[in-house]
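Here is a brief report on one protein model. It starts with terms, then goes through the sheet, the helices and a few single residues.

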Amino acid sequence: MNIKLLAVGKTDNKQLQTLINDYQKRLGFYVKFEFEIIPDIKNRKTLSENQQKQKEGELILKKIASTDALVLLDENGKQMTSVVFSNYLQKHMNSGIKQLVFVIGGPFGFSEEVYKKANGKLSLSKMTFSHQMIRLFFVEQLYRGFTILRNEPYHHQ
């Protein structure tokens, strides 16, 4: 199974990007992982929230194959412990899915079309974090999940 993380907008913070790259490299030992940035929409300041979500949604859906399992990182999604998340990953790997795609949307969330296409929603916290921080937190949790599945000493209970 492949895992892909899609995120709207680039990361401006070089320190965050360095940490993301480190976890991305580590993930390569466990799974084929791809992190893809969907560029910010041009002239977005002239668009309403709904127009922006709509345009971002179109770009997101272009990146999703019909065979992909799509999971949205969404504040209203299901919250899991790291151990439960590792089991969630294992379940998807056992299901025969070719690609599991996680998406971090833009500042206003997702369009209705993206919500309709999604197979699930996942929340990393009840707190609000910047979209750039979520990228780091998520790739770290992916890495943690795989170390849990392999009984490696990274995660402590």
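## Terms and model

Buried means under 20% relative accessible area, exposed over 50%, and partly exposed in between (1.4 Å probe, protein chains only). Helices (H or I, at least four residues) and strands (E, at least two) are DSSP runs, numbered from the N terminus.

The model is predicted: local features need pLDDT of at least 70, side-chain atom pairs count only at pLDDT 80 or more, and totals for chains, interfaces and linings use all residues. Residues are numbered from 1 along each chain as its sequence is written, and side-chain values use heavy atoms, with hydrogens and water left out.

## The sheet

Five strands form an open sheet in the order β2-β1-β4-β3-β5, with parallel pairing. Two strands pair if DSSP finds at least two bridges between them. β2 (32-38) and β5 are the edge strands, and each pairs on one side only. On average, neighbouring strands are turned by 30 degrees against each other, direction ignored. Axes here are lines fitted to C-alpha atoms, for helices over the stretch in contact; angles run from 0 to 180 degrees between N-to-C directions.

β1 and β2 pair in the parallel sense over seven bridges. Leu5 has Phe35 in β2 as its bridge partner. Six of the seven residues of β1 are buried, so β1 is largely enclosed by the rest of the structure. β3 (residues 69-79) and β4 (residues 99-104) also pair in the parallel sense, over five bridges. Leu72 stands opposite Val103 in β4.

## Helix packing

Helix α3 (residues 82-94) packs on the sheet. It touches β1 (2-8), β3, β4 and β5. Contact means heavy atoms within 4.5 Å. The direction of α3 makes about 135 degrees with that of β4.

Two packed helices are described by the angle between their axes and the distance between the axes. For α3 and α5, the angle is about 75 degrees and the axes are 8 Å apart. The two helices, α3 and α5, are therefore roughly perpendicular to each other. The classes are: under 35 degrees roughly parallel, over 145 roughly antiparallel, 65 to 115 roughly perpendicular, and the rest oblique. On the α3 side, the residues that meet α5 include Val83, Phe85, Leu89 and Met93. Their counterparts in α5 include Phe138, Leu142, Phe146 and Ile148.

## Annotated site and pocket

An unreviewed UniProt entry lists Leu73, Gly105, Leu124, Ser125, Lys126, Met127, Thr128 and Phe129 for "binding site". From this set, the lining of the largest pocket takes in Leu73, Gly105, Leu124, Ser125, Lys126, Met127, Thr128 and Phe129. UniProt positions are given in the numbering used here, feature names are shortened, and annotations may be inferred rather than shown by experiment. On a 1 Å grid over the protein atoms alone, a pocket is an open set of points where a 1.4 Å probe fits, with protein on both sides within 12 Å along at least five of seven lines; lining residues have an atom within 4 Å of a point.

Lys126 lies in the loop between β5 (120-123) and α5 (131-149). Met127 is found in the loop between β5 and α5. Lys126 counts as exposed at 75% relative accessibility, and Met127 counts as exposed at 60%.

## Other exposed residues

Ser66 is found in the loop between α2 (49-62) and β3. At 69% relative accessibility, it counts as exposed. Its C-alpha atom is separated by 18 Å from that of Glu36, 30 residues apart along the chain.

Asn151 is found in the segment after α5. It counts as exposed at 72% relative accessibility. Most residues other than glycine have a negative phi. Asn151 has a positive phi of about 55 degrees although it is not a glycine.
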